[in-house]
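User: I'd like to learn how to read a helix and a pocket in a model. Could you walk me through it, step by step?

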Amino acid sequence: FMVRDARMQALIRREDEPITPFVERVRELHDSLGISSVLVMGGSGDYFDESDTVIAMREFLPSDVTSDAKRIAAASASAAPEASDRPRAALRGPTDRVPIATGLDGPREIKIAARGIDRIQLGRESIELRAVEQLVDESQTRAIAAWIARADGSTLDGVRSLSEILDALERSFDERGLDLLGPFYSRHPDQHPGNFARPRRFEIAAAVNRMRGLKMRQH
C-alpha cells in the first residue's frame with residue numbers, strides 16, 4: 001500500500017513524491033465513491049485513524065479492539081503535519097464503457113458454446129475465463145455464452161454503458177428467470193432449456209471484456 005511514514009514524509013515532500021499512499025485515499029474512497037476496504041495487515045498502525053473497525057486476531061480468535069486502536073492513534077500522530085494540510089485532487093469514479101453493437105453482432109451468426117467452466121467458443125476464437133475463479137459450474141458459463149449469442153443492437157444500443165446493460169439483464173433474470181436465454185424463448189416462452197445456472201453480473205462482464213472483437217467507447 002506504499003506506506004510513507006512521518007519521517008519519510010518529512011524528508012521527501014509531497015510535491016516531490018509521485019506515489020500517493022493508500023492511507024490518504026482510503027477514507028475518500030468510502031465517503032465519495034461508496035467503496036469499502038478490508039485490510040489484513042500487521043506492520044502499520046497508520047490506518048487506525050481512518051478505520052471504522054479494528055479487529056485483532058489472537059490465537060485464531062477475533063476480538064474488537066477499535067477503542068484501543070483509536071486511543072493509540074489519538075496519543076501518537078502517525079502522519080507528517082503536511083499530509084492533511086496540502087490539498088489533493090479529488091478521486092474520480094470509473095469511466096463508463098459503452099459497448100458498440102457491431103462489436104458483438106458478428107459472433108451471433110457463428111457457433112457460440114461453453115467449453116467447460118473456463119472457456120467460451122466464439123467460432124474460431126475463444127473467450128478465456130480461466131482467471132474468473134468465481135465460476136463454479138459449466139451451466140453458468142453456458143448461460144453467459146447464451147446471452148452473448150442473443151446480444152444485438154437493441155441490447156447493445158451504443159448508448160447504455162455495460163453497467164446499465166447488466167442492470168437491465170439482472171432485472172430480466174429476476175422477473176423472468178433464465179428461460180429468456182433459451183434459443184426458442186421468443187416462440188416458446190414456457191419451454192425451459194434446463195441447462196443454465198445464473199452467473200453474477202461480474203462474471204458476465206468479465207466474459208464481455210475478454211472478447212477480442214469487442215468495441216467500446218468511453219463517456
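User: Which elements cover the buried residues of α7?

Analyst: Keep in mind that this is a predicted model. The cover over the buried residues of α7 includes β3 (97-99), α6 (138-150), α8 (201-209) and β7 (216-218).

User: And which residues of α7 are buried?

Analyst: Start with the general idea: an α-helix has 3.6 residues a turn, so residues three or four places apart point the same way. In α7, the buried residues are Leu162, Ile165, Leu166, Ala168, Leu169, Ser172 and Phe173. They lie on the same side of α7, because they cover an arc of only 160° around the axis. On the face turned away from that buried side, you find the exposed residues Asp174 and Glu175.

User: Now the largest pocket, please. What is its volume, and which residues are closest to its centre?

Analyst: Its volume is about 770 Å³. Of the 25 residues lining this pocket, Leu39, Ser51, Thr53, Val54 and Ile55 are the closest to its centre.

User: How does the lining divide by residue type?

Analyst: The lining has 13 nonpolar, 9 polar and 3 charged residues. Both α2 (26-33) and β1 (55-58) contribute at least two lining residues each.

Conventions:
Residues are numbered from 1 along each chain as its sequence is written. This is a predicted model: local features need pLDDT of at least 70, side-chain atom pairs count only at pLDDT 80 or more; totals for chains, interfaces and linings use all residues. Side-chain values use heavy atoms; hydrogens and water are left out. On a 1 Å grid over the protein atoms alone, a cavity is a set of points where a 1.4 Å probe fits but cannot get out, and a pocket is an open set with protein on both sides within 12 Å along at least five of seven lines; lining residues have an atom within 4 Å of a point. Grid points are joined across faces, edges and corners, and a volume is the space filled by probe spheres set on the points. Helices (H or I, at least four residues) and strands (E, at least two) are DSSP runs, numbered from the N terminus. Ala, Val, Leu, Ile, Met, Phe, Trp, Tyr, Cys and Pro count as nonpolar, Asp, Glu, Lys and Arg as charged, and the others, Gly among them, as polar. Buried means under 20% relative accessible area, exposed over 50%, partly exposed in between (1.4 Å probe, protein chains only). The arc is that of the directions from the helix axis to the C-beta atoms. Contact means heavy atoms within 4.5 Å.
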